[in-house]
Amino acid sequence: MGSLEKERTTTGWAARDPSGVLSPYTYSLRNTGPEDLYIKVLSCGICHSDIHQIKNDLGMSHYPMVPGHEVVGEVLEVGSEVTKYRVGDRVGTGIVVGCRRSCGPCNSDQEQYCNKKIWNYNDVYTDGKPTQGGFAGEIVVGQRFVVKIPDGLESEQAAPLMCAGVTVYSPLVRFGLKQSGLRGGILGLGGVGHMGVKIAKAMGHHVTVISSSDKKRTEALEHLGADAYLVSSDENGMKEATDSLDYIFDTIPVVHPLEPYLALLKLDGKLILTGVINAPLQFISPMVMLGRKSITGSFIGSMKETEEMLEFCKEKGLTSQIEVIKMDYVNTALERLEKNDVRYRFVVDVVGSKLD
């Protein structure tokens, strides 16, 4: 146990401008307190939203910026009021590292919807220091925003679950879609999409992957275990699938039409948006009115749901399909991710990389 009073420095890989190119950057960690953990980063996944942030696609970026919000690490030191964790524990943390603690969402274990939440990077902590992410040697995180990684889940496998995994798990639970026998669709077979297939199948759902081409058919059906595969440009196939799905996860992170996918939903079906898009989407209202359909969104999951999801994945033997890289490959990985050239998540081996 310790007070963590001294200021520390670490080295991460940061973007300096909207080019999004990352390079080594040494900086001071935020002031630490009695409820904080000082953590050595082991692994960190790369999410498409990292690209939006480092390239200022949303118009809210501040530089220098160290990205990375799918973090697994080892506890090096704990504050005097930390009760759940000890030195040597393997823990995970995600995109939210602070909240008001007194609002409705915070008091109902939905702190990710707090309107005063603090992002793990590209934000400012309560002490005035900028927050920086997991593409770094060490981080400081409050105990409320940390979960233990179950034994048996490898660090590099667990990292994408901190975002991609819980992004799927949370709405399935919250929207009452956890029971077996449902028919679900996964639009977009990337980092979130491939975990959507795995988690939905583990819940006993019939899963249809919807993609813009035939390229991923074999992967979806034979490697991931999907039950059906639809190409969105196949008019006959899409017509045959009309009114067949209870829900669709829309993971596409770029502007696209919604009507073709709304047509696939049954009465009371839900189109669940999880992709970050920086422009308006459009649809005609009868598409939802005439089937009492819903277009809704969901943002990651609470820390409680993250713990549940990790245990669910351990129990079901679910892992993410990843490509492990070193930090010196990260700029190439980001370029490939923009082209959807990864199966299905890049994970940086931070502890095994030379950062300076």
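Tutor: We begin with a rule: two strands count as paired if DSSP finds at least two bridges between them. Please keep in mind that this is a predicted model.

Student: How do you know that strand β11 and strand β12 pair?

Tutor: Strand β11 (residues 206–211) and strand β12 (residues 228–231) are joined over four bridges, in the parallel sense. The rule asks for at least two bridges, so the two strands pair. In one of these bridges, T208 has A228 of β12 as its partner.

Student: What makes β11, helix α6 and β12 a right-handed unit?

Tutor: With the strands pointing away from the viewer, a right-handed path from the first strand over the helix to the second runs clockwise. The β-α-β unit made by β11, α6 (residues 217–223) and β12 is right-handed, so its path runs clockwise in that view.

Student: How many cavities of 30 Å³ or more are there?

Tutor: The count comes to three.

Student: Which residues lie nearest the centre of the largest cavity?

Tutor: They are N120, T131, Q132, I139 and V140, from a lining of 19 residues. Strand β8 (138–142) is one of the elements that supply at least two lining residues, and β8 gives the most, with four.

Key: Residues are numbered from 1 along each chain as its sequence is written. This is a predicted model: local features need pLDDT of at least 70, side-chain atom pairs count only at pLDDT 80 or more; totals for chains, interfaces and linings use all residues. Side-chain values use heavy atoms; hydrogens and water are left out. On a 1 Å grid over the protein atoms alone, a cavity is a set of points where a 1.4 Å probe fits but cannot get out, and a pocket is an open set with protein on both sides within 12 Å along at least five of seven lines; lining residues have an atom within 4 Å of a point. Grid points are joined across faces, edges and corners, and a volume is the space filled by probe spheres set on the points.
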